[in-house]
Amino acid sequence: MNKGIRWIGEHRYTRRSPGLPGVREGISLTVARGIGAREFLLALGAHAEDLDRGVLFKDREKPRTATSDSFAMYGTRGEWVYVLEETQDATWYAKSLDLQKSRTLLGAEIVCVTRREDDPPSYVSHVTPEGHASYVETGDFTGHSAFDDSLRAAGAIYPSSLRDSPEEVVETYWEAHLDDLLPRVFTAVGDHCGLEIGRAEVEAGDLPLVVFPSVF
């Protein structure tokens with residue numbers, strides 16, 4: 001079983017580390033293939049001139065005033081481009097309904113695990129190359145068989161006995177398994193995508209910076 005991104009889920013609810021040049025806690029992940037890294041980042045709202053500068057995340061300039069822009073880092077692994085964000089909602093998740101209307105992403109496969117800090121639990125989004133999109137709470141099936149097989153194999157799907165249970169029963173189960181569920185979800189994403197992301201370089205901020213203007 002791929003362990004390469006399980007650590008992201010393991011640190012989702014740990015206390016933030018002040019002074020860390022990169023990130024470790026509370027990360028939302030978006031990955032895409034079938035589209036170039038630059039094209040995908042521009043589709044999410046990045047500015048070309050910022051990408052051209054090639055600034056590392058650790059060397060970003062701290063904003064002088066409060067901003068809800070997403071200061072993220074990105075990289076590539078095999079066919080996939082990945083984006084790591086600390087914002088409340090992943091940029092893909094926040095903009096996905098508008099982006100789905102764009103021909104830019106036609107033919108791309110996109111997987112996103114977004115924090116939804118103000119409205120938990122986290123959401124898992126999967127878009128197939130054919131454009132079929134799903135947006136579900138962690139622990140649920142997406143309805144896309146190949147991705148669901150990875151979720152099931154990682155133990156990231158609620159037991160079938162909960163399917164018809166009252167909402168409060170499901171909520172109680174979710175709370176009891178909170179610490180273990182997201183690591184399993186990220187394991188499933190890693191297995192599905194064949195993706196590994198080095199924790200050390202993410203903590204050190206040694207990946208390129210990308211800034212997505214706020215949608216709010």
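In this predicted model, the lining of the largest pocket is made of 6 nonpolar and 7 charged residues, with no polar ones. The volume of this largest pocket is about 280 Å³. Its lining has 13 residues, and Arg53, Val55, Arg60, Glu61 and Leu209 are the closest to the centre. Two elements each give two or more residues to this lining, helix H3 (48–53) and strand S7 (209–212). S7 gives the most, with 3 residues.

The second largest pocket holds about 210 Å³ of space. Of its 16 lining residues, Gly22, Val23, Phe57, Arg60 and Glu86 lie closest to the centre. The lining here divides into 4 nonpolar, 6 polar and 6 charged residues.

In soluble globular proteins, nonpolar side chains tend to be buried together. The largest nonpolar core of this model has 37 residues, of which Leu29, Leu84, Ile197 and Val202 touch the most other members. Elements that give two or more residues to this core include helix H1 (6–10), strand S1 (28–33), strand S3 (80–85) and S7. Helix H7 (178–193) is also on that list, and H7 provides the largest share, 7 residues.

Leaving aside residues up to four places away in sequence, Val202 touches Trp7, Gly22, Val23, Ile27, Met73, Leu84, Ile197 and Leu207.

Note on methods: Residues numbered from 1 in each chain as written. Predicted model: local features only at pLDDT ≥ 70, side-chain atom pairs only at ≥ 80, totals over all residues. Heavy atoms only, no water. 1 Å grid on protein atoms, 1.4 Å probe; cavity = no way out; pocket = protein on both sides within 12 Å on 5 of 7 lines; lining within 4 Å. Points joined across faces, edges and corners; volume = space filled by probe spheres on them. Helix = DSSP H or I, 4+ residues; strand = E, 2+ residues; numbered from the N terminus. Nonpolar A, V, L, I, M, F, W, Y, C, P; charged D, E, K, R; others polar. Core = buried A, V, L, I, M, F, W, Y, C linked by side-chain atoms within 4.5 Å. Buried < 20%, exposed > 50% of the residue type's maximum accessible area, 1.4 Å probe, protein only. Contact = heavy atoms within 4.5 Å.
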